[in-house]
Amino acid sequence: MNSLIEKYNNWTKNPQNGEDLFFYGFVLFIFRGIMGTTMFPYIGIIFKISFGIAILLLIAKIILFDRYTFKMLIAVTGMFICGAAVFLSSGYFSPFLWVLLIVAAKDVPFNKILKVYLLMNITIMGLAFVASLLGIIENLAYVNEEWDSYRYSFGCVYTTDFAAHIFFMLLAAFYLCQKRLRWYHYAGTCAIAGFIYYFCFAKLDTICILLIVLFFGVYHVLQWQSRRESVVVPGMEKDSQQVFVFKRVKAYLKWKGLWMKSALFSMPVLAMLMYFLSDYYEKDNEFLETINKTITGRLAFGKTGLDDYGISLFGQDIPMVGFGGSTILKEEYFFIDSSYINILLRYGIIFLLMIFIIYGTICYKHKGDTALMMAIVLLAVSCFIDHHIMEEAYNPLTYALFAKTGDVMWRSS
């Protein structure tokens, strides 16, 4: 018995075992999430068993390996309480599981999480893409009335789901490989954006992919120029040095400072903008109706949701019917795509504020990581229209809250 206790104590003292527990649970967790966005057959019992095992592994990692300061313990407890309150108020259990996954990522290297996330998405989405072209699974085709053509989902349940996967995979890849990027990576990404626009007609994701190219491209040009202009010359005294900061170096530093501030305020500002646009939307208002048509009726559906259900502290059950999984819509369409309005109505204003605090904390903790700040701004823009901010199959950035980021490879200087 003493020998078993000693082995157990030694096992729990090794942080690598905790990291392994997290990744076992993480892989099972997001495997179910990614597969749920594809047209691959849903094997209910297998998915339920694997999902249950994933939750147990994540809980075990937290209980056996994680240690908290008093402030961190209060924060984690508050997050779990908020998730539980949403479940009791609305019946939605996903917010609590979302919190569980974030907390379980404590002290796990952020770059490893992104690599596993990226590998799984590339594998499953690649298989779905090929299988849909070979006719193994259905390649759903929706009518594009603007072009009198078709929009294809390429093995996903809907065209914008496929496009969103591509956007988030590129975002993770650009962050991980930020110092290895070359001109052909940017050119290839632009080609991917063109593919998404032409075959999926996913306007938002096309714009967001092009913004990745723009943001990271400008950042790297400024980095390169600042390195060339940072000249160090001997000073007057022995062993002293003086650094001359030139115009382009200052531009680079201003660029970094801009993203630190932008990332911190991007989500709450865009959330407030979407709320007011939706709340004040009237079909007779030409300006708002133009915006509504441009973003495919999202203001109208947000207005309906706000009027019919209102805002609560911890959310409420709101049935939604959207496209996905079939080209035939059997019920009347009603889906609130904007992450901010969706969460506000379904999970409540307290939970939405908690999300702002989480990302605000990430921005404050990692304000020197310009690439991560740019990624968060791009996420905030995407969530203005799309609803993927809390879906583990898409957004991997939230793990930066508790994950270990000091050893991220190719991290920005």
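Mentor: Asp66 has a relative accessible area of 7% and is therefore buried (buried is under 20% relative accessible area, exposed is over 50%, and partly exposed is in between, with a 1.4 Å probe and protein chains only). Its partner in a salt bridge is Lys61, at 2.8 Å from N to O; the term requires a side-chain nitrogen of Lys or Arg within 4 Å of a carboxyl oxygen of Asp or Glu. Lys61 is also buried, because its relative accessibility is 3%.

This is a predicted model, in which local features need pLDDT of at least 70 and side-chain atom pairs count only at pLDDT 80 or more, while totals for chains, interfaces and linings use all residues. Residues are numbered from 1 along each chain as its sequence is written, and side-chain values use heavy atoms, with hydrogens and water left out.

The structure holds six salt bridges. Two of these share Arg298: one joins Arg298 to Asp337, with the closest N and O atoms 3.8 Å apart. Arg298 belongs to helix 12 (298–309), and Asp337 to the loop between helix 12 and helix 13 (339–346), so this pair ties together parts 39 residues apart in sequence. Helices are DSSP runs of H or I with at least four residues, strands are runs of E with at least two, and both are numbered from the N terminus. Both residues of this pair are buried. The other bridge joins Arg298 to Asp386, at 3.7 Å from N to O. Asp386 and Arg298 are both buried. Taken together, Arg298, Asp337 and Asp386 form a network of salt bridges.

Helix 15 itself covers residues 370–385. Its 16 residues reach 24 Å from the first C-alpha to the last, close to the expected 22 Å (the expected span is 1.5 Å times one less than the number of residues). Of these 16 residues, 15 are buried, and the helix is mostly covered.

Charges also meet rings. The charged end of Arg32 sits over the ring of Phe51, 4.0 Å from the ring centre. Lys106 lies over the face of Tyr68, with 5.4 Å to the ring centre. For a charge to sit over a ring, NZ of Lys or CZ of Arg must be within 6 Å of the ring centre and within 35 degrees of the ring normal.

Next come contacts between rings. A search of the whole structure finds 36 aromatic pairs. Rings of Phe, Tyr and Trp (its six-membered ring) pair if their centres lie within 6.5 Å; planes under 30 degrees apart are stacked, over 60 edge-to-face, and the rest tilted. One of the pairs is Phe129 with Phe154, tilted, at 5.2 Å centre to centre and 35° between the planes. Phe129 counts as partly exposed because its relative accessibility is 25%, whereas Phe154 is buried at 6%.

Tyr142 and Tyr158 make an edge-to-face pair, with centres 4.7 Å apart and planes at 75°. Tyr142 is in strand 1 (residues 141–144) and Tyr158 in the loop between strand 2 and helix 7, so the pair connects parts 16 residues apart in sequence. Tyr142 is buried at 7% relative accessibility, and Tyr158 is buried at 13%. Phe129 and Phe154 also belong to one aromatic cluster, together with Tyr150, Tyr152, Phe162, Phe195, Tyr198 and Phe199.

Two loop residues deserve a look at the backbone. Phe201 has a positive phi of about 50° although it is not a glycine. Its loop runs between helix 8 (183–200) and helix 9 (203–229), and Phe201 is buried, with a relative accessible area of 7%. Asp107, also not a glycine, has a positive phi of about 65°. Asp107 is placed in the loop between helix 5 (94–104) and helix 6 (110–134) and is partly exposed at 44% relative accessible area.
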